[in-house]
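Morning, everyone. Let me put the structure on screen, then walk through some local geometry.

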Amino acid sequence: MKKQDIALKKNSIIDSIKNQNLYDAFKQLRAFSESQMTWEITDEITRLEESYRYMLDYAIRGIADPSRKQVYEGLVAGMLTILNRLERHAMTPETPSLYYNTLRYRSHAASGSIPEYLRRYSRLASDSSLFNLVKDGRNDAADQNNRKREAVERDLFDALWVTFPLSVADYEALTEALASDVYPDYFKQLIINGVLLGALEFYDSRRVQILARVYYSGSEKLAPIALVAQLLVLYKYRNRTLDKQALDAVRLMPDNPAWHSDLKEAFLELVRARDTERITRKMTDEVLPEMIKLRPELNRKFKDLGEISDAIEMEENPEWQEMLEKSGIADKLKELTEIQLEGGDVFMSTFAHLKSFSFFNEIANWFMPFHSDYSDIASMPAELAEVARLIESTPVFCNSDKYSFVLSLQSIPQSQRELMKSQLNMQIDGMLEMQRESLDESRTSRRSVMNRYVQDLYRFFKLFRRKAEFDDPFVSDLNLVTIPALRGQFRDSDTLKAIAEFYFRHKYYGDAINIFKVIEENTYPDGQLFEKMGYCYERTGNIEEALRYYEQAELLDAGSVWTLRHIARCHRLLGQPAKALEYYRRVAEKEGDSESIQTVIAMGNCYLDMAQWGEASGQYFKARYLDEKSTRVIRPLAWSLLMQKDFMRARELYDEILKLNPTADDYLNMGHLALAVHDHDNALNFYKLSISAGDGLIETFASRLIADAKALETVGIDSEIIPLILDSINYSER
Amino acid sequence: MKFPIAFSLALSVFAVSCANNQKGSGDNDSFRTENIKFDRVAIASYGTECVASIDIDYPVPNGSVLGDSVREWIVSNINSYDGLIDVVMSSHPSATLTDGKFVVDAVGSLLLDSAVVQVDDMQKYFGDQMPGYEYIYKYSRGYENDTVLTYNASVYRYLGGAHGGETISDATFVRDSGLRLTWDNMFVAGYERKLLPLIKRGLMTQYFDVDTETELADCLLVSVDELTLPSAAPCYEADGVKFTYQQYEIAPYSAGHPTCTIPYADLVGILRR
């Protein structure tokens, strides 16, 4: 069946469900199932439909049923799951994506089930216990065992990813494994990742339940991860009716005492990930090119040191510092340090280049927590294995970057490896010391775990070879407030304010509005909030709404010059210059003797909009008086004088403009001036210059000239001359 | 927690210098195949010969994403004929599909064993009139360039009767990612409308050697207006994209596999990659 046909069927069934036409939805589901000969699923459809008919029967007979809504939602959830299964079944034979490749391959390879893999892993883990190794007394036995375990890890990950839906046996085995001490934390994290990746393919109630369970009973390391994973799943399916079991599990999550702070941190980490692109651009476009420019000079000064040490030395070396200050990098570095302290992902640009190792061909490896006894790393030369152990303890890099880093070390000369090791040792000691000194270690640690976890996920969705086949959660706005299952969990306005402020500060105005709106609904009117909302609307081009919020802000704080200025600006943008002028006058009053040139010009612009040329030029002259050197008003002033038929002074100003890199509009206006003083030859010359200074098209010029017809009449030029001018230019262009 | 940005920058410089040294970074380097053959004859009752011939350029397991993808396609394709792979793997639980020699031997043996059983069974009714079965499976590397690799697959099965049947199912893979190209990801949306006339023209000039649609109609089992796109995926060749119809899909058996290759230049605007 073609992908397009499958999508059509799916959409049609979803439409019927949305329109509450379950009769039709059942009919279509049955036909879809029968066409694929999936008799097991057809039987399930029959059972579900029977339940629905019982429900209908009770309803029609008027029997009160308090759980009817719940039953109905359960039926809908069941139908949607069946639809997913049918869709997946239809896609399986031909779809070339990695998900279906893996699914097909696993089905042909007679692969094991999830409980089987868990049992196998547990056996291998016990074989590799110290007792067994001592008994064996052979290192190669341990290596072999490690490799076998890693193979099971990868197989389990694939199974977790492509199994749908998880069976009761899968669910029980997984919850047992996640609660057991037999399995190491990194393995449990891999399980959570597999659960997440599978859940992002198709909604699966049991996966939601597993993540919820890990969150409220998991360790300090696992709970934050499970929460982030759960939030991504719930966000993806925010428009879908969840079944009762999943909802109940999600409702238990706030029982974890750290819930509110975790939710806030997770939300912040997820929205922060959206800023990674900006940070990466800063690194690659601004900082690195400057660094590369400095390299020859650095090499001269530090001949004895390798390139790695050059950069590390720079914070301590005064000579370096001076060079950095001069180059302007120092400021950028300060900014980057601040971004990093805030939790921004400053390493993405660095490690994005190092994801092509064959290690990253395997999807499971993108989700594998870093551990230095991973066979490829453990088998490295001793000094590299030692660096790997150091890297393992650093809380700065995410897992994916740690692997990149260690794998890259293999390609550098041994002398540099040693240098790298000593530098790294120093940095990590310092960091660990800082971590120990942290007042609230547990909270810092949970936040740090989430931060690195989000970075791991971000790297996968942005850098994996076949990333296009995955639904990247980081392209959406990740506004968790819109998740129905979490309704009521965001009453804590501190969380929302922190999120909104983040968006606002980093200029994601559209996203900030969404959060500000929720805050607005849940708090008392607040002038500052309205100002920010107004500003967000203004920056996103919704001037009417911006004005509405600025006006509300003004009601609460009538004295704010900033607000008055923005109200005036909005009125002007909305084509209401008189109202704008009214507000600018209030601004001017408040500024008193210290009236700013900005206000004077703005008032001049309002007069200009109202064709009050005398008043406009009065303001502009005042602006020139306030700042003689400023050329900001020269153009509108020249225009207002021209409109007042003060051709001589207009001419003087246009002569000044000629020296200022004139634009197509300047030449056009000078043409008008020449025309007004009956200097037709010059007018034609200026008009031609206007064409060449613009896009070179006579059509563009013509539309500008026609738009000025009214202004030309003001200075006494009959607009009938316009077509004649255009034809003259046409002839002279030949 | 502060981690010196200077160190991050040092790493960046380091990363750039290491970026070109990543093992397996160019999958072109790591993709390798091994030609594996199986050629055997088994004798059923009445001395009837059953033949199984398999010839596969099988990817060597070395972590290459392209190799994984090609291997999956080969085994899925073989499996689409009577679930051969599923049968083989269920009776060899410890075997792996990365072991090409095992796959080829096991599939070949299974084909032969089942051929003998079936032929014996049929011979109870038809005696020595029942001919032997013949299976010829061939999966070989075809056109290749720096970005794509085409595999050509031909499966011929003779199970008695007037003649056997050959199914051609070529596949093109993107080297970097291993992605297999299909109708959906090779062409832009709405491609059918633009592509069909090109294929029709290609069939007329390249395959049937006719000048008019009326003449083409004489060659086909379907009316010219009802001509649809081939069921098999198109594939990349040196001089264009090749489209192949199966036997009986649009034309009689005697016409073979109607095929045409549309030059890349003619596909500008509809070819996505």
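Buried here means under 20% relative accessible area, exposed over 50%, and partly exposed in between, with a 1.4 Å probe on protein chains only. This is a predicted model: local features need pLDDT of at least 70, side-chain atom pairs count only at pLDDT 80 or more, while totals for chains, interfaces and linings use all residues. Residues are numbered from 1 along each chain as its sequence is written, chains are lettered from A and ligands numbered from 1 in the order written, and side-chain values use heavy atoms, leaving out hydrogens and water.

Aromatics to begin with. Rings of Phe, Tyr and Trp (its six-membered ring) pair if their centres lie within 6.5 Å; planes under 30 degrees apart count as stacked, over 60 as edge-to-face, the rest as tilted. Over all chains there are 60 aromatic pairs. One of them joins A:Tyr509 and A:Tyr535, edge-to-face, 5.6 Å centre to centre with 85° between the planes. A:Tyr509 lies in helix H26 (residues 509-522) of chain A and A:Tyr535 in helix H27 of chain A, so the pair ties together parts 26 residues apart in sequence. Helices are DSSP runs of H or I, at least four residues, numbered from the N terminus. Both A:Tyr509 and A:Tyr535 are buried.

Stay on H27, residues 527-539 of chain A: A:Glu531 is in that helix. Which residues does A:Glu531 touch, not counting those up to four places away in sequence? A:Tyr550, A:Ala553, A:Ser560, A:Trp562 and A:Thr563. Contact means heavy atoms within 4.5 Å.

Last, charges over rings: NZ of Lys or CZ of Arg within 6 Å of the ring centre and within 35 degrees of the ring normal. The charged end of A:Lys532 sits over the A:Phe504 ring, 5.7 Å from its centre. A:Arg548 lies over the face of A:Tyr549, 4.8 Å from the ring centre.

How values were computed
Helix = DSSP H or I, 4+ residues; strand = E, 2+ residues; numbered from the N terminus.
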